[in-house]
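Let's take a look at a protein chain together, with an eye on its aromatic rings. Have the sequence and the model open as you read.

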Amino acid sequence: SFFRFFAALHSMSKRGQEKFPAVSSGGCGGGCISWPASVVFLTECVFAPEVPQSIRKRVAVSGSPSLASTYCKATRCPLVRIQPITTLGHPAMGQYGLFAARALPPRNRILSYVGVIRDATSESQTSAYVLSFAEGLSIDAEQRGNEARFINDFRGIAARPNAEFTLERAPDGRPRGMAVSVLSELIPKGTEIVVTYGKGYWRDALKPPYDSDGHEPLDTVEGGT
């Protein structure tokens with residue numbers, strides 16, 4: 001399971017609850033667009049202070065705490081856009097999702113999943129944005145992250161996921177991050193990008209895994225790890 005959640009059923013759509021300001025703060029020449037005021041926008045992952053150097057060396061991540069940035073045209077991912085959910089019956093109705101800003105070809109990388117890299121001693125037990133990484137580490141995008149934190153689970157939205165989380169490695173073989181990649185079919189422009197949160201999410205949050213909406217069980221869905 002990629003996502004490790006410790007929340008209840010409604011956390012399926014909790015991932016887009018932040019209130020968006022009309023214009024984000026920061027000096028980017030008027031090119032800034034809205035971003036949750038309560039979340040620090042990052043262009044790369046950073047380490048939690050509690051992660052020891054001995055573990056940091058196992059992954060190819062600089063982890064500089066100075067990577068906070070302003071969300072604007074120069075820093076945002078051009079392949080996606082964060083968009084309000086207005087469709088009746090959508091599990092995140094009134095909140096936000098991540099959508100394709102252009103047609104996304106099959107098996108192509110979309111963007112990184114960015115946040116705070118934590119080990120077991122510092123991992124949040126309440127965050128709904130924790131993604132398993134490598135070497136016993138996880139990436140938490142609750143308070144600091146990028147557009148990928150707005151990706152919703154496919155249940156109640158589509159018949160199956162159209163994207164997946166993939167582990168990326170540096171040339172020396174060390175893990176360097178997690179990415180969101182298109183599955184086997186093109187994602188048309190304007191389509192919501194959806195993944196499966198993994199069997200562990202539904203096992204822990206719902207007992208048994210949620211399949212009452214008529215979708216296929218997780219272990220039969222492409223990308224359902």
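## The chain as a whole

In the protein chain, 70% of the contacts with a separation of 6 or more are between residues 24 or more positions apart. Keep in mind that this is a predicted model.

What is the chain built from? It has two helices and 14 strands. Out of its 225 residues, 48% count as buried. The protein chain exposes about 10400 Å², and carbon and sulfur atoms supply 52% of that area.

Now for the rings. To describe a pair of aromatic rings, you give the distance of the centres and the angle of the planes. How many aromatic pairs does the structure hold? There are five.

One of them joins Trp35 and Phe150. Why is this pair called edge-to-face? The ring centres are 5.8 Å apart and the planes sit at 85°; planes over 60 degrees apart count as edge-to-face, so this pair gets that name. The two partners come from distant parts of the chain, 115 residues apart. Trp35 is in the segment before strand E1 (40–42), while Phe150 is in the loop between strand E10 (144–145) and strand E11 (152–153).

Are these two residues buried or exposed? Buried means under 20% relative accessible area. Trp35 has 5%, so it is buried. Phe150 has 0%, so it counts as buried too.

## Rings that meet: Tyr113 and Phe165

Another pair to find is Tyr113 with Phe165. Their ring centres lie 5.9 Å apart with the planes at 90°, so this pair is edge-to-face as well. Where do the partners sit? Tyr113 belongs to strand E6 (residues 109–113) and Phe165 to strand E12 (residues 163–169), so the pair ties together parts that are 52 residues apart in sequence.

Tyr113 has a relative accessible area of 1%, so it is buried. Phe165 comes in at 4%, so it is buried by that cut-off too.

The charged end of Arg149 sits over the ring of Phe150, 5.1 Å from its centre. That charged end of Arg149 also sits over the ring of Tyr129, 4.3 Å from the ring centre.

Methods
Residues are numbered from 1 along each chain as its sequence is written. This is a predicted model: local features need pLDDT of at least 70, side-chain atom pairs count only at pLDDT 80 or more; totals for chains, interfaces and linings use all residues. Side-chain values use heavy atoms; hydrogens and water are left out. Rings of Phe, Tyr and Trp (its six-membered ring) pair if their centres lie within 6.5 Å; planes under 30 degrees apart count as stacked, over 60 as edge-to-face and the rest as tilted. Helices (H or I, at least four residues) and strands (E, at least two) are DSSP runs, numbered from the N terminus. Buried means under 20% relative accessible area, exposed over 50%, partly exposed in between (1.4 Å probe, protein chains only). A charge sits over a ring if NZ of Lys or CZ of Arg is within 6 Å of the ring centre and within 35 degrees of the ring normal. Contact means heavy atoms within 4.5 Å. Accessible areas come from the Shrake-Rupley method with a 1.4 Å probe; for residues, only the protein chains shown count as cover.
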